[in-house]
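Hi everyone, thanks for coming. I've got one chain to show you today, and I'd like us to go from the overall picture down to a few single residues. Let me put it up on the screen.

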Amino acid sequence: MVYSTLISHENLHKHVNDPHWYVFDCRFALADPEQGRRDYEKGHISGARYADLDKDLCGPIRTRPGGFTETAVLTGRHPLPDVDTFVATLNRWGVTNNTQVVAYDDKGGGLAAARLWWMLRWVGHDPVAVLDGGWQGWIGKQYPVSSGQYSLSSEQLEGSRQLAGKPFQAQVRPELLATTEDVQAMMGDPERLIVDSRTPERYRGEIEPIDPVAGRIPGAANVAYGDTQTANGFFRPAQALKEQFEQLLDNVSPQNTVFYCGSGVTAAASLLAMKHAGLGDGKLYAGSWSEWIADPNRPIEEG
């Protein structure tokens, strides 16, 4: 069975020693980029590798003088790596086109785990799922954990040997990605929808704790990525998510929706929730708000 959206702790536990399954710990703290790795080394799901948001799931930030700040960001705070670089990372990890990948974090899967899920699907890999309930749910069930750096078990080592010589081959899905120009072209089109996945306070422009400018892309709707989860960090049931997104879409096709957040990370969790609801794929504006405001001529909206 292929898992392509969410997977339960129970089902992952059954496969934790399967050499054809790769688990990635994606814990990351925006305020302390090294905290996730420290937490991983203290304890992680047995056999899990560590995927660093900044180092493994992002490309270099490009800047230029001027804009709202002395040096304005051109690419957003967490730009995507180019395809070849990401594929090289997958091959370094040992991921093949037949590998079942499971990603988790300590935000119920709503932070960097969803980012890895989206990126793998972007390069054409369907067998990838996010651990519903994340790290907290795993330790709550007292399932096996390890500490220190990742090392291969004998079963995993043998599996890796069997898979050697089969590098990952990307089949990029450009329809999953939206550029700034795509978003600009959507504005004011009643058949297309821009969705802001940040909290309502940031969406309304009342606060902005990270980026230098508050507000939103004009015309954007709002569904905070956290609203797709329960209080204990699990995604809401698929039927509830379906009703939530159908109300949001209001007859707009999911394929005509673009989701953004501050830097293209948590918006992936909204896309995961919509996919799990059975409504298909929207697009990710990977540059998101931090890229949008790099040009002071782009309009913003508040309230």
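This is a predicted model: local features need pLDDT of at least 70, side-chain atom pairs count only at pLDDT 80 or more; totals for chains, interfaces and linings use all residues.

Okay, the overall picture. If you count up the secondary structure, you get 12 helices and 14 strands. The radius of gyration is 19 Å, close to the 19 Å that the globule rule gives for 303 residues, so the chain is as compact as a globular protein of that length. If you'd like dimensions, the C-alpha trace spans about 55 × 45 × 35 Å along its principal axes.

What about inside and outside? Of the 303 residues, 54% count as buried. Now look at who touches whom: take the contacts with a separation of 6 or more, and 75% of them come from residues 24 or more positions apart.

Let's zoom in on a helix, α5, which covers residues 112-122. How many of its residues are buried? It's 11 of the 11, so α5 is largely enclosed by the rest of the structure. Have a look at which residues those are: among them are the tryptophans W117, W118 and W122, and you'll also find R115 and R121 on the buried list. Then, just after α5, G124 takes a positive phi of about 95 degrees.

One is N251, with a phi of about 75 degrees. You'll find N251 in the loop between α10 (238-249) and β13 (257-260). The other is S288, where phi is near 55 degrees. S288 sits in helix α12, residues 288-292.

So here's one for you: is N251 buried or exposed? N251 has 80% relative accessibility, and the cut-off for exposed is over 50%, so N251 counts as exposed. And S288, buried or exposed? S288 has a relative accessible area of 0%, so it is buried.

Key:
Residues are numbered from 1 along each chain as its sequence is written. Side-chain values use heavy atoms; hydrogens and water are left out. Helices (H or I, at least four residues) and strands (E, at least two) are DSSP runs, numbered from the N terminus. The radius of gyration is taken over C-alpha atoms; the globule rule is 2.2 Å times the number of residues to the power 0.38. Buried means under 20% relative accessible area, exposed over 50%, partly exposed in between (1.4 Å probe, protein chains only). Contact means heavy atoms within 4.5 Å.
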